[in-house]
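Hi,

Here is the structure I promised to pass on.

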Amino acid sequence: MSWIRIETHGGANAFLPGESITGSVYWELDPPVTEIELRLIWYTEGKGDQDSQIVDTARFNNPEPAEGRGFTVRVPQGPFSFSGKLISLLWALEAVAQPNDRAERLPITVSPTRREILLQSQTAE
């Protein structure tokens with residue numbers, strides 16, 4: 001059975017803009033792969049076009065079939081995690097094994113308060 005697991009230092013899942021995220025990626029993959037890439041990404045969900053961006057990466061070349069390696073990636077100054085009525089912007093750490101594209105995602109939050117920003121609709125009274 002093949003698997004990939006991402007863990008952050010201390011199990012943290014919320015980060016400040018500009019902060020470094022440290023952790024480890026563990027895997028057991030069959031068949032063996034040539035590379036595993038840890039990605040810090042943001043993406044949108046909801047109505048309209050979906051956007052995404054890879055913000056930072058850590059590459060693990062020539063991985064053993066079963067192994068774990070540490071990583072550090074840096075959070076940019078934005079955008080912040082938010083949820084609105086029509087769209088949400090989400091962050092994640094994603095580990096992708098090549099060439100078979102086996103992947104695992106760990107959702108995280110990025111904001112100045114370490115909490116997702118909730119956009120409320122304004123109604124006139």
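Let's start with E37: its relative accessible area is 7%, so E37 is buried (buried is under 20% relative accessible area, exposed over 50%, partly exposed in between, with a 1.4 Å probe and protein chains only). Keep in mind that this is a predicted model, where local features need pLDDT of at least 70, side-chain atom pairs count only at pLDDT 80 or more, and totals for chains, interfaces and linings use all residues. Residues are numbered from 1 along each chain as its sequence is written, and side-chain values use heavy atoms, leaving out hydrogens and water.

E37 sits in strand 4, residues 35-46 (strands are DSSP runs of E, at least two residues, numbered from the N terminus). Its side chain meets that of R59 in a salt bridge, 2.9 Å from N to O (a side-chain nitrogen of Lys or Arg within 4 Å of a carboxyl oxygen of Asp or Glu). That pair links distant parts of the chain, with E37 in strand 4 and R59 in strand 5, 22 residues apart.

What about R59? With a relative accessible area of 51%, R59 is exposed. R59 also forms a salt bridge with E35, where the closest N and O atoms are 3.3 Å apart. Here R59 in strand 5 (residues 52-61) and E35 in strand 4 are 24 residues apart.

How far does the network of salt bridges go? It links E35, E37, R39, R59, E94 and R105. The whole structure has eight salt bridges, including one between R5 and E7, with the closest N and O atoms 2.8 Å apart.

Cheers

Notes: Helix = DSSP H or I, 4+ residues; strand = E, 2+ residues; numbered from the N terminus.
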